[in-house]
Amino acid sequence: MPKEFIVAIELGSSKITGIAGKKNLDGSITVLAVVTENSTSCIRKGVVYNIDKTVQCLTTIMKRLESILKTKIVHVYVGVGGQSIRSIKNVIVKDKSKVLPEFLALVMRTKGPEMEQLASGATFKEISKANMGSISIDVPSIEVQTEILNGIHKEQSLVLPSKDIIKVFTTKMNARIKEIWGE
């Protein structure tokens with residue numbers, strides 16, 4: 001698999017699409033992988049209204065592309081379209097030696113109430129660049145981030161089987177109640 005490739009993700013109101021390709025000597029591009037995820041439950045008219053589901057879709061797309069490419073993706077071009085989109089020039093440098101993407105996503109989810117207070121708009125909430133810059137994020141060392149994520153993964157591995165058991169027992173209890181009450 002070539003090490004030099006281009007990855008782009010387009011966030012649409014019906015689907016999020018990830019595409020990877022390599023640039024050929026003649027300037028053309030050979031497509032190496034295309035993956036999509038349904039986005040109707042997280043994006044509407046170009047506005048992200050469910051950040052958790054959007055992050056989940058993006059994470060899934062990245063993992064699927066990395067699996068196909070058999071390598072880590074470190075740079076992605078992102079496109080967002082929609083009637084209510086305004087854009088500003090912005091450059092984000094992701095230095096994975098300072099912050100793990102999964103840790104950053106986790107921290108951003110915990111900032112939801114703070115971001116809600118900074119948001120404005122009647123139909124779709126927006127956060128200005130100035131307001132977004134006012135949000136403080138403590139970034140511990142990579143080792144501490146990894147330790148935190150490992151702890152969360154361990155807890156999730158204990159909780160998820162319990163949820164399945166609860167689901168089974170709830171179904172059985174509901175069936176028994178219907179049987180007793182004749183519903």
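The questions below cover a helix pair and a sheet in this predicted model.

Residues are numbered from 1 along each chain as its sequence is written. In this predicted model, local features need pLDDT of at least 70, side-chain atom pairs count only at pLDDT 80 or more, totals for chains, interfaces and linings use all residues, and side-chain values use heavy atoms, without hydrogens and water.

Me: How are α2 and α5 oriented to each other?
Reply: Helices here are DSSP runs of H or I, at least four residues; strands are runs of E, at least two. The axes of α2 (residues 101–110) and α5 (residues 142–181) come within 10 Å and cross at roughly 70°. Axes are fitted to C-alpha atoms, for helices over the stretch in contact, with angles from 0 to 180 degrees between N-to-C directions. Angles of 65 to 115 degrees count as roughly perpendicular, so α2 and α5 are roughly perpendicular.

Me: Which residues of α5 does α2 meet?
Reply: Contact means heavy atoms within 4.5 Å. From α2, E102, F103 and L106 take part. Their partners in α5 are Q145, I148, L149, I152 and H153.

Me: In what order do the four strands of the open sheet lie?
Reply: Two strands pair if DSSP finds at least two bridges between them. The edge strands, each pairing on one side only, are β3 (29–38) and β6 (77–80). The pairing is mixed, and the order is β3-β2-β1-β6.

Me: Which residue in β6 stands opposite A8?
Reply: Strand β1 (residues 6–11) runs parallel to β6, joined by four bridges. Opposite A8 stands Y77.

How values were computed:
Angles under 35 degrees count as roughly parallel, over 145 as roughly antiparallel, 65 to 115 as roughly perpendicular and the rest as oblique.
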